[in-house]
Amino acid sequence: MMESATARLVHAARESAPAKFFLALIDADFLEVKFVVMLAFVFGWHSRAWWLTLTGLLLLAALTAATLAFIVNIIGYWEGGKAVRELTKTIALRRSRFRRIEVVSDDELQLFFNYSHSDFPFRDKDAPILVTVYDFDAEVRSFRVQCFFNIWETSYVILNVKKPVSELKPLQRFIVYHEYSHGSLDGGRLWIWPIVHVSSAIGSVLLAAALVGLSWTGAVCAATVLATALFLGSSKIRRTKEAEAYADTYAAWVIWKQNPHEAVGVLARSIEDLSGRTSFPTREEKLTAAHRLASLRREREAMLAGETWDDRHKIWVRQIYAWRWYVYLNCALIALWCIPPFWANDFSLLHANAIGGAAFLAALALWYPLTYQGREFGRWMKYHLEVADMIDDRQILAMLEDVAPNSVEIVGEEETDLIISGTHSLEPDFARRLVPGDPGGANFPNFGHVQDLVTYCATAYSIYEITGKTGDFLDFFLDHDRKLKVVQRVIEKLRVLGLKRPADEIQVMLDRVLDYLTRPRAAPPPT
């Protein structure tokens with residue numbers, strides 16, 4: 001009982017505001033910049049006009065803290081924007097290929113998956129943290145997962161299996177959770193740390209130069225700090241190795257929380273699979289595989305030894321700071337540069353605050369458009385997925401049976417289902433199947449019916465896309481411009497599939513589809 005009370009006391013102390021402030025102060029991110037300000041504080045107490053110096057130091061600390069907060073947000077939005085931009089383009093072009101599977105709740109993400117994004121003050125509170133999306137890509141038959149990581153907004157995990165993640169097989173869940181890790185707080189930090197480190201090195205050099213000036217010693221120290229940051233910050237192999245090894249660790253221990261025996265089995269099979277690979281396309285993949293293999297073996301041994309996720313995470317945190325030796329080297333170099341002038345009480349808080357103010361204004365000017373752009377991406381993704389969710393394949397089949405019954409009967413229901421899904425995805429493989437055969441071929445007479453069904457499907461999907469999430473189809477009868485937009489979109493879809501239909505024919509088909517969509521539904525028979 002005493003141990004439990006002690007543990008609660010320690011946890012409460014760590015969660016207190018002073019403890020969080022202290023932990024943020026000694027965190028390796030931007031430690032060089034914080035170190036310069038801390039040095040100035042220490043030596044500022046010995047100034048003759050201590051109250052004036054204290055005022056200047058408090059202002060400098062406030063500017064530094066605010067600037068660093070904005071820079072972290074800028075880096076997060078920049079990296080997240082790059083990831084989501086390509087997904088947005090793909091979904092905007094072929095939104096019918098995508099469906100939402102599930103939106104993982106924030107509470108579950110925080111408690112079970114170590115996601116703490118909802119705590120950030122700048123984050124859009126209405127945006128979900130993680131959304132799992134189904135992509136029925138006809139060209140990819142094997143299981144595939146891809147993560148589009150966005151630390152400040154919504155991250156997307158794309159699957160080509162239409163099942164909730166909890167219903168997947170253990171190895172498939174391992175792959176999905178591996179991708180989840182890249183969207184977690186620790187996984188995201190591993191991806192953005194090079195930019196953070198380079199920004200910290202540049203900021204610390206500018207701040208130190210503004211405070212104490214640039215001597216020969218300062219020039220050597222500044223050059224070493226910048227060279228180290230640029231060299232290590234550009235090491236893609238190192239970042240990839242650490243991120244992928246952490247993702248494996250994360251995925252294995254998430255499964256361990258669900259079923260420890262299953263987690264040990266998944267690790268054993270993953271080790272066997274990775275050990276069996278003998279050739280790799282690039283040196284980066286070879287080094288990453290070796291690093292992952294060593295990590296998988298360590299985690300399996302830890303599970304067999306009875307360790308827990310909390311134990312392993314603490315070890316991982318210590319290791320991640322241990323291999324950031326260059327951060328502490330930079331602090332030592334900055335101390336060598338700054339301490340002699342500080343000791344002689346020869347530093348300029350005016351210049352430092354000018355640099356800090358300029359950096360704050362620059363960060364603020366960059367932060368707003370990137371935040372706006374990131375949230376616009378989020379809104380577009382939400383809109384496209386909502387439109388895709390409106391489209392029901394069974395309703396499309398019922399519509400085809402009503403407006404083109406002869407074509408459905410001649411082509412066959414099974415082939416009609418393939419036409420519905422193929423027109424959804426607009427994949428090249430489906431387009432190749434639409435190339436007409438020779439006039440004397442067995443399937444040539446059916447080609448006209450196939451083309452009609454494809455055009456009707458493209459018309460229905462275009463109506464849904466133009467309508468958006470309102471579903472008000474009656475407006476189309478009175479809105480000529482929107483009908484023209486639908487016709488133009490159908491023509492674009494058919495062009496992707498290699499088909500051509502005159503606009504007036506599409507207009508006739510559009511009226512038939514709208515008549516079906518706006519027709520009152522018959523009441524169900526009494527029971």
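How many residues does helix α8 (residues 216-233) have, and how far does α8 reach from its first C-alpha to its last?

Author: The model is a predicted one, in which local features need pLDDT of at least 70 and side-chain atom pairs count only at pLDDT 80 or more, whereas totals for chains, interfaces and linings use all residues. Residues are numbered from 1 along each chain as its sequence is written, and side-chain values use heavy atoms, with hydrogens and water left out.

Helix α8 has 18 residues and reaches 25 Å from its first C-alpha to its last, close to the 26 Å expected at 1.5 Å a residue. The expected span is 1.5 Å times one less than the number of residues. Helices (H or I, at least four residues) and strands (E, at least two) are DSSP runs, numbered from the N terminus.

The buried residues of α8 are Gly218, Cys221, Ala222, Val225, Thr228, Ala229, Leu232 and Gly233. They lie on the same side of α8, because the arc that they cover around the axis is only 135 degrees. That arc is taken from the directions from the helix axis to the C-beta atoms. Here buried means under 20% relative accessible area, exposed over 50%, and partly exposed in between (1.4 Å probe, protein chains only). In general, an α-helix has 3.6 residues a turn, so residues three or four places apart point the same way. On the face of α8 turned away from its buried side, the exposed residues are Trp216, Val220, Leu230 and Phe231. The cover over the buried residues of α8 includes α7 (185-212) and α13 (325-343).

From α7 the account passes to helix α6 (residues 170-183). The two helices α6 and α7 pack at an angle of about 65 degrees, and their axes are 5 Å apart. This makes α6 roughly perpendicular to α7, a description that applies to angles of 65 to 115 degrees, while those under 35 count as roughly parallel, those over 145 as roughly antiparallel and the rest as oblique. The residues that make the contact are Ser181, His182 and Gly183 of α6 together with Leu185, Gly187, Gly188 and Trp191 of α7. Contact means heavy atoms within 4.5 Å.

Helix α6 itself has 14 residues, which should span 20 Å at 1.5 Å a residue, and its end C-alpha atoms are 20 Å apart, in agreement. Of these 14 residues, 10 are buried, and α6 is thus mostly covered. Among the buried residues of α6 are Tyr177, His178, Ser181, His182 and Gly183.

Several of these residues meet other parts of the chain. Ala247, found in helix α9 (residues 236-258), touches His178, Ser181 and His182 when residues up to four places away in sequence are not counted. Ala247 is buried, with a relative accessible area of 0%. Its C-alpha atom is separated by 9.2 Å from that of Arg292, 45 residues apart along the chain. Gly183, in turn, is in contact with Ser155, whose other contacts beyond four places in sequence include Ile129, Val131 and Phe148. Ser155 belongs to strand β4 (residues 155-159) and counts as buried at 1% relative accessibility. In the loop between β3 (145-148) and β4 lies Glu153, which counts as buried at 4% relative accessibility. The C-alpha atoms of Glu153 and Pro128 are separated by 7.6 Å, although the two are 25 residues apart along the chain.

Finally, the setting as a whole. The protein chain has 22 helices and four strands, and 46% of its 527 residues are buried. Among its contacts between residues at least 6 apart in sequence, 79% join residues at least 24 apart.

Methods: Axes are lines fitted to C-alpha atoms, for helices over the stretch in contact, and angles run from 0 to 180 degrees between N-to-C directions.
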